Amino acid sequence: MEIGKRIMELREAAGWTTNRLANLCGLSQSFLRSVELGEKGISVENLQLICDTLHISLRDFFDVPSDQDTEQDRLLRQITKLTSEQKLALISFLETIAK
C-alpha cells in the first residue's frame, strides 16, 4: 500500500485541502504534501494524528475497500467517518424513513 496516496484519497474524500488537514493535525503542509507524493515516509505517531483528524482508526486506514464489499460494509465504513452530531442526524433520518 502506498501510504501517501491513501492519505490523499481519504483527505480528498473528506473534501479537505492539504493545508487544512495539516493545520488540523498539527503537521506542516510541506511535510504532508511530501508524504502524499511519496517523497517522505511517515511515523506511526503522525499517521495516527492524521487518522484521528479524519475520524478513522488505523485499521480503517489500512482497510481498503474491495469489490466484494457488501452494502453493509460500505455503510459501516462511511458511518465511522461521521462526527457525533452527524451520527445523531443520520439516526434520526433513518428512523424517519423506516416508519
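Guide: Of the 99 residues of the protein, 25% count as buried. Buried means under 20% relative accessible area, exposed means over 50%, and partly exposed lies in between (1.4 Å probe, protein chains only). This is a predicted model, where local features need pLDDT of at least 70 and side-chain atom pairs count only at pLDDT 80 or more, while totals for chains, interfaces and linings use all residues. Residues are numbered from 1 along each chain as its sequence is written, and side-chain values use heavy atoms, with hydrogens and water left out.

Visitor: How many helices and strands does the protein have?

Guide: Start with the definition. Helices (H or I, at least four residues) and strands (E, at least two) are DSSP runs, numbered from the N terminus. Here there are 7 helices and 0 strands. The order from the N terminus is α-α-α-α-α-α-α. The C-alpha trace spans about 50 × 30 × 20 Å along its principal axes.

Visitor: Now salt bridges. How many does the structure hold?

Guide: The general idea: side chains of opposite charge can pair when their charged atoms come close. The cut-off: a side-chain nitrogen of Lys or Arg lies within 4 Å of a carboxyl oxygen of Asp or Glu. This structure holds 5. One of them joins Arg 11 and Glu 36, at 2.7 Å from N to O. That pair links distant parts of the chain: Arg 11 sits in helix 1 (residues 3-13), Glu 36 in helix 3 (residues 29-36), and 25 residues separate them.

Visitor: Are Arg 11 and Glu 36 buried or exposed?

Guide: Arg 11 is buried, because its relative accessible area is 6%. Glu 36 is buried too, at 2%.

Visitor: What does Lys 5 pair with?

Guide: Glu 2. Their side chains meet in a salt bridge of 3.5 Å, N to O. Both Lys 5 and Glu 2 are exposed. Lys 5 belongs to helix 1, and its relative accessible area is 52%.

Visitor: Next, the surface. Which residues form a nonpolar patch?

Guide: First the rule. Patches are made of residues with over 30% relative accessible area and no salt bridge; like charges are joined within 9 Å, nonpolar side chains (Val, Leu, Ile, Met, Phe, Trp, Tyr) within 5 Å. Areas come from the Shrake-Rupley method with a 1.4 Å probe, and for residues only the protein chains shown count as cover. In this model, Met 1, Phe 62 and Val 64 form such a patch, with about 290 Å² of accessible area together.

Visitor: Where is Val 64 found?

Guide: Val 64 is in the loop between helix 5 (58-62) and helix 6 (71-79). Val 64 counts as partly exposed because its relative accessible area is 42%. Its C-alpha atom is 8.7 Å from that of Arg 6, which is 58 residues away along the chain.

Visitor: How do I read a pocket, and which residues line the largest pocket?

Guide: Work on a 1 Å grid over the protein atoms alone. A cavity is a set of points where a 1.4 Å probe fits but cannot get out; a pocket is an open set with protein on both sides within 12 Å along at least five of seven lines, and lining residues have an atom within 4 Å of a point. The largest pocket here holds about 210 Å³ of space. Its lining includes Leu 10, Trp 16, His 55, Lys 81 and Gln 86. The lining divides into 6 nonpolar, 5 polar and 1 charged.

Visitor: What is the phi of His 55?

Guide: His 55 has a positive phi of about 60 degrees, although it is not a glycine. His 55 lies in the loop between helix 4 (44-53) and helix 5. At 41% relative accessibility, His 55 is partly exposed.

Technical notes
Points joined across faces, edges and corners; volume = space filled by probe spheres on them. Nonpolar A, V, L, I, M, F, W, Y, C, P; charged D, E, K, R; others polar.
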